[in-house]
Amino acid sequence: MKYQEALEYINDKDKYGSRLGLDSIGKLMSLLGNPQEGLKYIHIGGTNGKGSTSSYMAHCLEAGEYKVGLFTSPYIERFNERIQINGQDIPDDTLGRITGLIKEKANIMVQEGYEHPTTFEIVTAIGFMYFKEENVDYVILEVGLGGRYDSTNIISSPLASIITTLDYDHIDVLGDTLDKIAYQKAGIIKENSMVVSYPQEAEALEVIKKAAEEKESDFYLCPMENIVVKEVNGSGSTFDFYYKNIELKDIKISMLGEYQVYNATLALTTILILKEKGLVHITEEQIREGLKKTKWPGRLEVIRKNPTFLIDGAHNVQGISQLKKALSLFNYNKLILGLGILKDKDSSHMVELLAPLADEIVVTEVNMPRKLDAEDLAKEISKYNQNVVVEKDIKKAIEKALELAKEDDMIVFGGSLYLIGEVRTLAKLL
């Protein structure tokens, strides 16, 4: 199968939809020879920070001279970004070839009376096949949605399960309370493994601890109280961290925002525990190098200067709160905000946090069926800010923002990872 044919097959959403559960992915993996088996996984679930934490983990292990597979979602600009080895996207021809094999097995499934694999199940299978073929040392595996019934959860025994910050998101699928959401996320915890969790609200933490206990897995709460943040600015952050008898002074990261200190520390704690258990062999200098080198597109990323043009994938209340806090890192005169949100998000509270900060707001729409209508979003925004322009076309929305901004102003586009991927591509061309 050629690359473009593969993308068309993968993205045939009308035919392959969305479905949670492990029966379909289990059958597909069986027909493919169970390529997911025999690999060493660090499985990462949670609401916010999964992508960044995954990237920190991958970069640290790469600095330790390991061959590291990284599976994330969604992509920002190009599909191949979702499946990487040591920072290199899966090649087009490899993607086409593996997708062709998967299509053959999917057709067999349908002939045998099974439902056709979903888009995400197909993508997950591609990742497993590629990592197995390339014989990677470790796979950093990011959950797609939830955890318990996510297709990545077909793996049997990860080295570690990491739970990042939990918040209200996808409540129609995962539940409308933190303990219900935690139950879904904690589904990635396996027998006789280890769990490293971000500090959570009490009801969520109780669920995660109970799941670890039932699975007889070691539970570790990331000791965020052992962080001393020394500097946070527009170039990154510097902090100290203490873990047991280990003192790490002046750790530097390049990703922006104080919250990245905590994502980095979650990855760092996991690395130190794995090292303590003899499951990875890595020096302090390699860890430092990996943390400093870590970049992740679309997370507080400056893509242009004069005016400063920032994109951020914040797509829920917790993420928007972090974006709001991070704006203080920048010096600017006026703030021009570009906003597009999906209709299944808590848009009213997201807008309440962000809209009052802006001098001008350009409302646009995400290019997918789940988009929130621009007029509806503008109506919500008008409760807090009257300087609103609707421009449904993303390219025209960017042009409008640039037209409104002077050199000492700042443009920020956010509200959805799907939005900022397209903004990132188009803004480079204008």
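This is a predicted model: local features need pLDDT of at least 70, side-chain atom pairs count only at pLDDT 80 or more; totals for chains, interfaces and linings use all residues.
Let's start with strand 6, which spans residues 160–163. Both of its faces are covered: Ala160 and Ile162 are buried on one side, and Ser161 and Ile163 are buried on the other.

Strand 6 has parallel pairings to describe. Strand 1 (residues 41–45) pairs with strand 6 in the parallel sense over four bridges, and strand 7 (residues 194–197) pairs with strand 6, also in the parallel sense, over three bridges.

**Leucine 339**

Next comes leucine 339, which sits in strand 14 (residues 335–339). Its relative accessible area is 3%, so leucine 339 is buried. Leaving aside residues up to four places away in sequence, leucine 339 touches Val351, Leu354, Val362, Val363, Thr364, Leu377, Ile381, Gly414, Gly415 and Leu419. For a sense of distance, glycine 234 is 105 residues from leucine 339 in sequence, and their C-alpha atoms are 22 Å apart in space.

**Salt bridges**

The structure holds 22 salt bridges. Here are some of them, with the distance between nitrogen and oxygen.

| Salt bridge | N to O distance |
|---|---|
| Lysine 277 and aspartate 218 | 3.0 Å |
| Glutamate 284 and arginine 288 | 3.0 Å |
| Lysine 392 and glutamate 365 | 3.9 Å |

Take the bridge between lysine 277 and aspartate 218. Lysine 277 lies in the loop between helix 10 (259–276) and helix 11 (284–293), while aspartate 218 belongs to strand 8 (residues 218–221), so the pair ties together parts that are 59 residues apart in sequence. Lysine 277 is partly exposed, with a relative accessible area of 36%, and aspartate 218 is partly exposed too, at 37%.

Glutamate 284 is partly exposed at 35% relative accessible area, whereas arginine 288, at 19%, is buried because the cut-off for burial is under 20%.

Now for lysine 392 and glutamate 365, which form a salt bridge. This pair links distant parts of the chain, 27 residues apart: lysine 392 is in the loop between strand 16 (388–390) and helix 15 (394–404), and glutamate 365 is in the loop between strand 15 (360–363) and helix 14 (374–381). Lysine 392 counts as partly exposed at 36% relative accessibility, while glutamate 365 counts as buried at 6%. Which residues are joined with these two into one network? Salt bridges that share partners bring in Lys371, Asp373 and Glu375 alongside Glu365 and Lys392.

**The second largest pocket**

Finally, have a look at the second largest pocket, which has a volume of about 280 Å³. It is lined by 15 residues, and those closest to its centre are Arg148, Ala186, Gly187, Ala211 and Lys215. The largest share of the lining, four residues, comes from helix 9 (residues 202–214). By type, the lining of this pocket divides into seven nonpolar, two polar and six charged residues.

Notes:
Residues are numbered from 1 along each chain as its sequence is written. Side-chain values use heavy atoms; hydrogens and water are left out. Helices (H or I, at least four residues) and strands (E, at least two) are DSSP runs, numbered from the N terminus. Buried means under 20% relative accessible area, exposed over 50%, partly exposed in between (1.4 Å probe, protein chains only). Contact means heavy atoms within 4.5 Å. A salt bridge is a side-chain nitrogen of Lys or Arg within 4 Å of a carboxyl oxygen of Asp or Glu. On a 1 Å grid over the protein atoms alone, a cavity is a set of points where a 1.4 Å probe fits but cannot get out, and a pocket is an open set with protein on both sides within 12 Å along at least five of seven lines; lining residues have an atom within 4 Å of a point. Grid points are joined across faces, edges and corners, and a volume is the space filled by probe spheres set on the points. Ala, Val, Leu, Ile, Met, Phe, Trp, Tyr, Cys and Pro count as nonpolar, Asp, Glu, Lys and Arg as charged, and the others, Gly among them, as polar. Two strands pair if DSSP finds at least two bridges between them.
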